[in-house]
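Here's a quick briefing to read with the model open on your screen. Take the topics in any order you like.

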Amino acid sequence: MEGRQIRAVLVLVVISCVGFQIRASDPIFIESFDESFDGRWIVSEKDDYKGIWKHSKSEGHDDYGLLVSEQAKKYAIVKELDEAVSLKDGTIVLQFEVRLQKGLECGGAYLKYLRPQEAGWKPAEFDNDSPYSIMFGPDKCGSTNKVHFILKHKNPKSGKYVEHHLKYPPSVPSDKLSHVYTAILKPDNELRILIDGEEKKKANFLSAEDFEPALIPAETIPDPNDKKPEDWDERAKIPDPNAVKPDDWDEDAPMEIEDEEAVKPEGWLDDEPEEIDDPDASKPEDWDDEEDGEWEAPKIDNPKCEIAPGCGEWKRPMKRNPAYKGKWHAPLIDNPDYKGIWKPQQIPNPDYFELDRPDFEPITAIGIEIWTMQDGVLFDNILIANDEKVAEAYRDTTWKLKFEIEKEKQKAEEAASGLSDGLSGLQKAVFDILYKIGGLPFLSAYKVQIFDLIEKGEKQPNLTIGILVSIVVVILSVFFKILFGGKKPAVNVTETKNEVAAETSDNQGSSAEKEDENENENEDAAAAAPRRRTRRDT
């Protein structure tokens with residue numbers, strides 16, 4: 001009898017422990033969108049947000065999500081949490097799924113984890129100015145291609161909130177499959193970013209190498225009141241004052257002269273024009289000479305000139321003048337008064353503070369506030385947990401099966417279109433590498449053009465080799481400029497017209513800097529541009 005009672009007690013203990021473990025491993029918040037979001041998520045009533053949210057199935061699945069249903073719209077929707085979530089106590093995992101069913105050329109697909117709002121704030125007032133603690137998720141437009149992680153942190157000295165952006169974040173997958181984005185915040189200040197369960201970025205919140213600007217400000221700053229002395233000479237080299245222009249230096253000699261040895265080719269048709277009226281053209285019936293002017297037949301190339309060496313008046317071609325030396329300049333010598341590049345003295349930073357751990361603001365609501373040119377963006381399975389295994393379990397049960405089905409369908413479509421799996425995978429890997437190369441600091445002047453080329457290659461995979469060649473040309477041009485100096489080399493890259501800049505896109509330099517660069521490039525072009533050649537220059 002006593003043994004049975006002991007066994008019964010043990011069973012109750014085991015059941016209690018299992019039940020406690022299940023409760024302890026439950027997510028803090030989970031939104032699966034299995035049911036309609038009406039009444040639970042509040043759509044912003046601000047005038048800017050015209051986009052319509054829909055409760056819709058993911059293409060090819062019976063699983064529902066929150067759908068961006070219209071192109072070129074702003075969207076805003078928010079869900080208030082029952083209880084505020086502290087980010088200061090142990091591990092916190094932020095995770096959600098996004099499927100870009102029609103791709104993403106320009107737009108955001110990120111979440112904002114809102115901090116406590118001002119008294120009287122209503123969810124229907126949610127907009128871009130609603131303060132958040134963390135912003136996390138994909139954003140792509142123009143030169144921007146990143147999975148954002150932005151922390152808004154309050155400076156305890158100044159009382160101001162500062163946006164701290166994760167440096168070198170991972171890029172957004174370029175397909176139309178379901179992907180799951182995970183941010184893991186650890187109590188030792190470590191941040192890990194996962195895409196589809198695979199770690200793509202590891203950072204430390206307190207490291208200046210990982211966040212811009214750094215959470216901990218510089219201990220000293222340049223003195224804003226310090227002024228450069230008037231006699232401070234920053235010129236490392238100066239023209240030699242004792243140098244004299246050589247007597248035989250002719251500054252007026254032209255760069256090019258006629259080639260006196262040239263002879264007019266035999267068969268040159270002096271009396272034939274290079275272009276003639278199109279004999280097949282006729283005056284349109286509705287042509288009005290009074291309104292439209294006198295009608296003239298369009299010109300075509302003279303067919304006689306195609307079989308002859310050339311037509312029209314023959315002139316000797318130009319050649320480089322061996323006597324040309326250009327304007328004389330005195331050679332440079334070391335400046336005896338050179339003092340180096342002046343810098344203001346450093347003073348203590350009044351906003352400096354020390355920090356052992358970020359002072360995270362709690363999360364009181366989850367919002368989606370985006371602008372996108374594409375529809376078909378589907379959000380699903382938004383999760384907050386305090387256990388990485390919980391997030392992993394949800395990835396395995398909610399995302400993985402959908403992804404595998406979509407992947408198999410994609411492979412079948414690629415096989416049907418004649419693309420091998422290996423080639424497709426290789427191209428994607430190449431594009432990922434190119435995005436990283438395009439973001440290197442020394443290529444910043446050409447970042448927009450390089451990213452434009454890459455995006456064109458993504459849309460037309462058969463252009464991959466051409467894209468690679470173009471980007472190599474850009475990189476080599478910049479490399480030789482750095483190596484040999486001189487003006488910026490001309491780069492044969494076509495800029496995108498009517499490019500729409502995302503609100504979070506990086507600045508590409510001030511307008512004043514661009515005007516200076518254009519003036520310098522125009523001067524170079526005027527000096528080095530060769531004379532336009534025609535068929536007579538043979």
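Predicted model: local features only at pLDDT ≥ 70, side-chain atom pairs only at ≥ 80, totals over all residues.

The chain has 538 residues, 37% of them buried, and it carries eight helices and 25 strands. Among contacts with a separation of 6 or more, 74% are between residues 24 or more positions apart.

- Asp-210 is buried, yet it has no salt bridge. The nearest side chain of opposite charge belongs to Lys-201, 4.6 Å away. A salt bridge needs the nitrogen and the carboxyl oxygen within 4 Å.
- What does Asp-210 touch, leaving out residues up to four places away in sequence? The list is His-165, Leu-166, Lys-167, Ala-203 and Asn-204.

**Aromatic rings**

- A pair of aromatic rings is described by how far apart the centres are and by the angle of the planes.
- The model has eleven aromatic pairs. One of them is Phe-205 with Phe-211, a stacked pair at 5.4 Å centre to centre and 20° between the planes. Phe-205 and Phe-211 are both buried.
- Phe-205 also pairs with Phe-360, this time edge-to-face, at 5.2 Å centre to centre with 80° between the planes. That pair links distant parts of the chain, 155 residues apart. Phe-205 sits in the loop between β14 (198–204) and β15 (211–212), and Phe-360 in the loop between β23 (346–348) and β24 (363–372). Phe-360 is buried, as is Phe-205.
- Which residues make up the aromatic cluster that includes Phe-205? Phe-96, Phe-136, Phe-149, Tyr-181, Phe-205, Phe-211 and Phe-360 form it together.
- Two charged side chains lie over ring faces. Arg-115 is over Tyr-161, at 3.6 Å from the ring centre, and Lys-152 is over Tyr-132, at 4.8 Å from the ring centre.

**The β3–β4 hairpin**

- Strand β3 (residues 53–57) pairs with strand β4 (residues 64–68) in the antiparallel sense, over five bridges. Lys-54 stands opposite Leu-67 in β4.
- Six residues lie between the two strands of this hairpin, and Gly-60 takes a positive phi near 85° there.
- Lys-57 forms a salt bridge with Asp-62, with the closest N and O atoms 3.5 Å apart. Lys-57 counts as partly exposed because its relative accessibility is 38%, while Asp-62 counts as exposed because its value is 63%.

- Most residues other than glycine have a negative phi, and most peptide bonds are trans.
- Tyr-168 has a positive phi, near 50°. Tyr-168 sits in the loop between β11 (161–166) and β12 (178–185). Is Tyr-168 buried or exposed? Tyr-168 counts as exposed, at 62% relative accessibility.
- Asp-196 has a positive phi too, about 60°, and is found in the loop between β13 (190–195) and β14. With 22% relative accessibility, Asp-196 counts as partly exposed.
- The peptide bond from Glu-212 to Pro-213 is cis, with omega near -10°. Pro-213 belongs to the loop between β15 and β16 (220–222).

**Salt bridges**

- Side chains of opposite charge can pair when their charged atoms come close.
- How many salt bridges does the structure hold? It holds 24.
- Asp-233 and Arg-235 meet in one, at 3.2 Å from N to O. Asp-233 is buried at 13% relative accessibility, whereas Arg-235 is partly exposed at 47%.
- Glu-272 and Lys-304 form another, with the closest N and O atoms 3.3 Å apart. This pair links distant parts of the chain, 32 residues apart: Glu-272 is in the loop between β18 (256–258) and β19 (275–277), and Lys-304 is in helix α3 (residues 303–307). Glu-272 is partly exposed, with a relative accessible area of 22%, and Lys-304 is partly exposed with 46%.

**Helix α6**

- Gln-449 lies in helix α6 (residues 447–459) and counts as buried because its relative accessible area is 15%.
- The C-alpha atoms of Gln-449 and Ile-471 are separated by 9.3 Å, with the residues 22 apart along the chain.

Conventions: Residues numbered from 1 in each chain as written. Heavy atoms only, no water. Phe/Tyr/Trp six-rings, centres within 6.5 Å; stacked < 30°, edge-to-face > 60°. Buried < 20%, exposed > 50% of the residue type's maximum accessible area, 1.4 Å probe, protein only. Helix = DSSP H or I, 4+ residues; strand = E, 2+ residues; numbered from the N terminus. Lys NZ or Arg CZ within 6 Å of the ring centre and 35° of its normal. Pairing = 2+ DSSP bridges. Lys, Arg positive; Asp, Glu negative; His and termini not counted. Contact = heavy atoms within 4.5 Å.
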